[in-house]
Amino acid sequence: MPAPPFWSIIFFFMLLTLGLDSQFAGIEVIMTAIIDNRPKLVKWKPLIAAIICSLMFLITINMTCDAGIYWEELVNYFSGWSLVLIGFAEVVVYGWVYGAENILDNVQEMLGWKFHPFGWWYFRILWKVVTPLLLLVVVVFNFIQTGKLSYGNYLLPNWAQTIGWLVAVLPILIIPIYAVMVIVYDYLSLPDSEESIWQRIRRLTRPSDKWVSSPVRYGEVLANTANGEMLSKSNNAADNVAYSTSDSKATIVSYNPKSS
């Protein structure tokens with residue numbers, strides 16, 4: 001191949017950009033989770049990014065040592081099925097807890113047009129049935145095939161296998177641990193409530209009452225006391241949302257996008 005130094009530089013530059021692209025996604029996920037829970041930290045976003053990058057550097061620096069290949073294989077081998085299981089939990093939440101219908105309504109509102117009935121049912125079935133089943137099958141098969149890790153002819157010791165299982169299990173345990181924390185906090189906040197545990201879980205897994213659509217949030221609201229409803233007209237004439245104000249909160253009852 002002519003000019004081998006040129007192609008060598010291009011190849012390793014491609015690897016560099018590939019790694020940076022992956023890091024952008026991973027770091028943004030962590031920062032978004034932190035800032036969404038503590039919005040006041042948004043002004044410290046560069047500092048938070050620097051702290052996250054520094055911690056990730058210190059945690060993974062052992063992979064650059066002589067035994068780094070064993071650590072890399074350990075993390076890569078045991079973290080596969082746990083990531084798929086987390087994806088399965090996310091699909092279940094979106095499809096069944098928040099509801100595929102609500103997601104489709106949100107998409108329709110943002111796009112300004114309605115789905116064809118075929119597309120509506122296609123996405124509902126895909127998000128609520130097909131995707132969860134496929135992910136569950138992948139999780140089960142990966143879990144069955146997971147055994148003791150060996151690299152070449154070297155079988156990693158039991159303490160290393162234990163670390164591998166911790167790497168796989170800890171990210172999953174965050175989900176039930178956080179759920180229990182939310183339920184306990186709800187009990188402490190509303191100790192006199194007569195709700196059962198299942199009623200509390202049902203209420204806590206519903207969309208927040210503070211959520212309203214963007215036309216309602218940013219539009220100019222005009223009250224109509226004659227019929228007890230309010231008409232929200234956005235600054236954009238293409239938006240037209242009618243909602244009821246019963247129960248001291250805004251509940252959208254119709255959304256009629258108009259063509260510009």
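Good morning. Isoleucine 51 is found in helix 2, where a helix is a DSSP run of H or I with at least four residues, numbered from the N terminus. This is a predicted model, in which local features need pLDDT of at least 70 and side-chain atom pairs count only at pLDDT 80 or more, while totals for chains, interfaces and linings use all residues. Residues are numbered from 1 along each chain as its sequence is written, and side-chain values use heavy atoms, with hydrogens and water left out.

Isoleucine 51 counts as partly exposed because its relative accessibility is 44%; buried means under 20% relative accessible area, exposed over 50%, and partly exposed in between, with a 1.4 Å probe and protein chains only. A nonpolar surface patch of about 1100 Å² includes Ile51, along with Trp44 and Phe57 among others. Such patches are made of residues with over 30% relative accessible area and no salt bridge, nonpolar side chains (Val, Leu, Ile, Met, Phe, Trp, Tyr) being joined within 5 Å and like charges within 9 Å. Helix 2 gives the largest share of the patch, six residues.

I turn now to salt bridges. A salt bridge is a side-chain nitrogen of Lys or Arg within 4 Å of a carboxyl oxygen of Asp or Glu, and the count comes to six. One of them joins glutamate 28 and lysine 45 (4.0 Å, N to O). This pair links helix 1 to helix 2, 17 residues apart.

Which residue does arginine 203 meet at 2.8 Å, N to O? The partner is aspartate 186, which counts as buried at 7% relative accessibility. Shared partners join Asp186, Glu195, Arg200 and Arg203 into one network of salt bridges.

Key
Areas by Shrake-Rupley, 256 points an atom, 1.4 Å probe, with all protein chains shown as cover. Helix = DSSP H or I, 4+ residues; strand = E, 2+ residues; numbered from the N terminus.
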